[in-house]
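Hi,

Here is the structure I said I would pass on. Have a look at it first, and then read on for what turned up when I went through it.

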Amino acid sequence: MLDSISAPQIKGMFIAGQWRPSQATFDDINPSDGSIYARIPDGGREDTRAAIEAAQAAFPDWSGLMFQERARTLLKIADIWEKRAPDYVAAAQSEGGGWFGKGMFEAGYVAEVFRAAAAHCYDTIGEVLPSEHGKYSTALRVPMGVVGVISPWNMPGILTARGFAFPMAAGNTIVLKPSEDTPYAGGLFFAEVLEEAGVPAGVFNVITCSRERVSDMGEELVEHPLVKGISFTGSTPVGRQIAARAGAHLKKCCVELGGKDSLIVLDDADMERATSAASFGSFMHQGQICMSVEKVLVQESIYPEFLRQFTARAGKLKTGNVADKGNVIGPLINDRQVARVKHQIEDALAKGAKAVLGGNVQGRFVEPTILTNVTPDMDVWRDETFGPVAVVVPFRTDAEAVALNNDTEYGLSAGIITSDEQRAMRISQQLETGMCHVNCSSINDEPHVPFGGSKASGLGRHGGKWSMETFTETRWITFDRGHRPYPPVF
Ligand code: NAD
């Protein structure tokens, strides 16, 4: 049964505590049925500059506030977010094409991001160092100023909140540019919540634009001299450009990018755990999670039985319009993503792969697909798919599993299923990934952990104290008490 979900009222971009309407708008599409979900302001450089200047104007007061005040504000945001969770879930379903359960999970998680950020307001803010001159020598962490946050569409709640909550807790002010595919759930909805929480004007600003104007807005946001730090979550090609541009201006930048993650199933694995981890890891949110399992590497002796059980389990997932809560597999977010996934399936089948499940693409809906007989010359082996497609590949030895995992430019996360933790530890140490989870799928996140990848999966870490380190500067400040002597010639 389809739930009826009402569209949000879009009041404009949110700059300096005011809703700023725009003459130009772009259509924000519901990917399940192609209808227009909302009309969103199509902003440009001028709006970006206005938001940056508002954030800069708000910086002295926000960074000068007592830390408990900042914590209280973040806790209030968490409470209001929780109160409005049903609205978020509805938006994530209609605008983001996500299953109801995925929206519920995100809504709960985001409140915890704000609470974890509030807790960091009470953290130590520096260290005292020994001094050969008897000085009182300190290393202090201080906020940077304006932080630009660019977020993606796939987990618009979590990945947006994670991008700005910790920098804001540290005393920075924010200009957020959400994805053009989820400008409400990942942007303007946050503005509504933070406005209701009484966040002072200019501390948090949201600007929006269409894909056609994003390079202008992005360039301004990264290059403007008042912007001191960048938090970017998105694709590797765009992340490379952002990091290069930030680097040219010697700005701090944390980029969380794409992945091609493996689930390694060893011969001593619990089959129930292995198949559920593979199914959840590959098909949750249609595989549109940066940590999705895209390669399932299975030890040869259990390969046939694993494939049989994995296929049976995944075959039960229902695909369709997510306004029906029973549809766990919704649409892909846009036609660009559909084309990419379709190409990878067709390329693989043409080169000899076999679809043991799915393989069909209808409009924006792609059935859960399991491919075997995959070889390294197929695009699906190496390129990020970001769709509900898992390749299942047998391996003989642990060393071979490691080599198959590492055979990619990406290095985000991995999962290992085994009953032998020692063996898992040995393997995990050889995986070229930023994260690894034993007896779990590669999809794992918590607000306070060091989240991030290696190789082409990103630079820097988001989450908890790692975000606090990224979005503060360290200053060395000393107090001379021992009267450091100068050479007498002076
Ligand atoms: P994307 O790179 O196309 O877009 C990400 C954000 O960048 C959006 O807000 C977009 O508007 C903006 N953007 C695009 N071009 C820009 C430009 N020239 N200048 C400034 N901003 C620009 O990625 P996407 O399609 O939204 O997200 C999917 C990708 O994100 C996947 O590759 C996925 O793996 C990755 N991702 C990574 C993580 C992680 O934490 N590592 C999490 C989620 C998604």
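Predicted model: local features only at pLDDT ≥ 70, side-chain atom pairs only at ≥ 80, totals over all residues.

Strand β20 is covered on both faces: Ala414 and Ile416 are buried on one side, and Gly415 and Ile417 are buried on the other. The chain averages a pLDDT of 97, and 99% of the residues score at least 70. Among the elements of the chain, the lowest mean pLDDT (95) belongs to helix α15 (residues 464–470), and the highest (99) to strand β9 (residues 204–206).

Back to the sheet. β20 is one of seven strands in an open, mixed sheet that runs β14-β17-β18-β13-β12-β20-β21. β14 (354–357) and β21 (437–438) are the edge strands, each pairing on one side only. On one flank of β20, the pairing with β12 is parallel and spans four bridges; there, serine 262 stands opposite alanine 414 of β20. With β21, β20 again pairs in the parallel sense, this time over two bridges, and glycine 415 has histidine 437 in β21 as its bridge partner. The antiparallel part shows up at β14, which pairs with strand β17 (residues 369–372) over three bridges. Alanine 355 is bridged there to leucine 371 in β17. Helix α14 (residues 421–428) packs on this sheet and touches β12 (261–265), β13 (293–299), β20 (414–417) and β21. The direction of α14 makes about 155 degrees with that of β20.

Glutamine 299 sits in strand β13. Since its relative accessible area is 7%, glutamine 299 is buried. Beyond its neighbours within four places in sequence, glutamine 299 contacts Val265, Leu266, Asp267, Phe395, Arg396, Thr397, Asp398 and Arg423. The other is serine 282, in helix α9 (residues 271–283). Serine 282 has 1% relative accessibility, so it counts as buried. Leaving out residues up to four places away in sequence, serine 282 touches Gly287, Val293, Val296, Phe310, Gly387, Pro388 and Ala390.

On to the overall layout.

Now the cores. The largest nonpolar core has 68 residues, and those with the most contacts inside it are Ile77, Trp81, Phe114, Phe164, Met168 and Phe204. Helix α4 (residues 100–120) gives the most to this core, namely nine residues. Both domains take part in this core, with at least three residues from each of domain 1 and domain 2.

The buried ones are Ala85, Tyr88, Val89, Ala90, Ala91, Ala92, Gln93 and Ser94. Their cover includes β3 (25–29), β4 (36–41), α2 (67–83), α4, α5 (156–169) and α6 (184–196).

Apart from neighbours within four places in sequence, its contacts are Gln18, Trp19, Arg20, Ser22, Pro41, Gly43, Asp47, Leu188, Val206, Ile207 and Thr208. The C-alpha atoms of methionine 13 and alanine 191 are separated by 8.7 Å, although the two residues are 178 residues apart along the chain.

Cheers

How values were computed. Residues numbered from 1 in each chain as written. Heavy atoms only, no water. Core = buried A, V, L, I, M, F, W, Y, C linked by side-chain atoms within 4.5 Å. Buried < 20%, exposed > 50% of the residue type's maximum accessible area, 1.4 Å probe, protein only. Domains from an automatic or database assignment. pLDDT = per-residue confidence, 0-100. Pairing = 2+ DSSP bridges. Contact = heavy atoms within 4.5 Å. Axes fitted to C-alpha atoms, helices over the stretch in contact; angles between N-to-C directions.
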